[in-house]
Amino acid sequence: MKKALVVCGLALLSFIPASAQFSWGIRGGLNLVNNDITEVSQKPATSKDSYTGFFVGPMAEVQIPIIGIGVDASLLYSQKGLEVSDEETMKNQSLAIPVSLKYSLGLGNFAAVYFAAGPEFDFKIGDLDREFADGDEVKEFALEKSTWSINVGAGVKLINHIQAGINYNIPVSKEGAYKLQESPTPGTVMEHNPVDIKASTLQFSLTWTF
């Protein structure tokens, strides 16, 4: 298996022209999250207002200058979060690995615009479960250990070192599940089936490459 992976890796490298440019750097930015949870009672399970988080980590990019096509990959610590009630929040932390096919169009020697799209794989870290009482209700939140999504974005490159971009992250797999228990009358408990959680994210990023 290891030999097969090495052979595949060498085969992919053989398709990269000698003129390809390699760069690496540091990327950081903001997550504006819209958590979508279907109501399972008369009250909303969570607020759908944007929850502000952040991401930061190293990145690398390989680009073919003449045709402007390249591959961009990052390893990011990402925090999104869930606003599970008016006074309760739950951190949604992960190691995110976005990989994008990027097309760049030059606007002179010092600037370019780019368009990018590709998958993102998130591996959750920290607490994945949360339970708390809210009046007569007990709310339970459980996040998945890993998720994946699709990124679509665009941005600008300046002086060959700065990249500023905007990206929309579209969930493919569910983020987790929400479950509600309530006591409408003393001595009785009504339990609802788990409901899927999905979180779309608008991201603003700033990258410095070396």
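**Salt bridges and confidence in a predicted model**

**View 1. The salt bridge between Lys102 and Asp72.** In this predicted model, the side chains of Lys102 and Asp72 form a salt bridge with an N to O distance of 2.9 Å; the term denotes a side-chain nitrogen of Lys or Arg within 4 Å of a carboxyl oxygen of Asp or Glu. Lys102 belongs to strand S7 (residues 93-106) and Asp72 to strand S3 (residues 69-74), so the pair ties together parts that are 30 residues apart in sequence. Strands (E, at least two residues) and helices (H or I, at least four) are DSSP runs, numbered from the N terminus. Lys102 and Asp72 are both buried, that is, under 20% relative accessible area, where exposed means over 50% and partly exposed lies in between (1.4 Å probe, protein chains only).

**View 2. The salt bridge between Glu144 and Lys174.** The side chains of Glu144 and Lys174 meet at 3.9 Å, N to O. Glu144 is located in the loop between strand S10 (137-143) and strand S11 (146-158), and Lys174 in the loop between strand S12 (162-171) and strand S13 (176-182), so this pair ties together parts that are 30 residues apart in sequence. Glu144 is partly exposed at 30% relative accessibility, and Lys174 is partly exposed at 31%.

**View 3. The salt bridge between Asp196 and Lys174.** Lys174 also forms a salt bridge with Asp196, at 3.5 Å from N to O. Asp196 lies in strand S15 (residues 195-209) and Lys174 in the loop between S12 and S13, so the pair ties together parts that are 22 residues apart in sequence. With a relative accessible area of 44%, Asp196 is partly exposed.

**View 4. A network of salt bridges with shared partners.** The whole structure contains 8 salt bridges.

**View 5. Helix H1 and the confidence of the model.** The chain has an average pLDDT of 82, and 79% of the residues score at least 70; pLDDT is the predictor's confidence in each residue, from 0 to 100. Over residues 4-13, pLDDT stays under 50 and the model has 0 contacts beyond four places in sequence, a contact being heavy atoms within 4.5 Å.

**Notes.** Residues are numbered from 1 along each chain as its sequence is written, and side-chain values use heavy atoms, with hydrogens and water left out. Local features need pLDDT of at least 70 and side-chain atom pairs count only at pLDDT 80 or more, whereas totals for chains, interfaces and linings use all residues.
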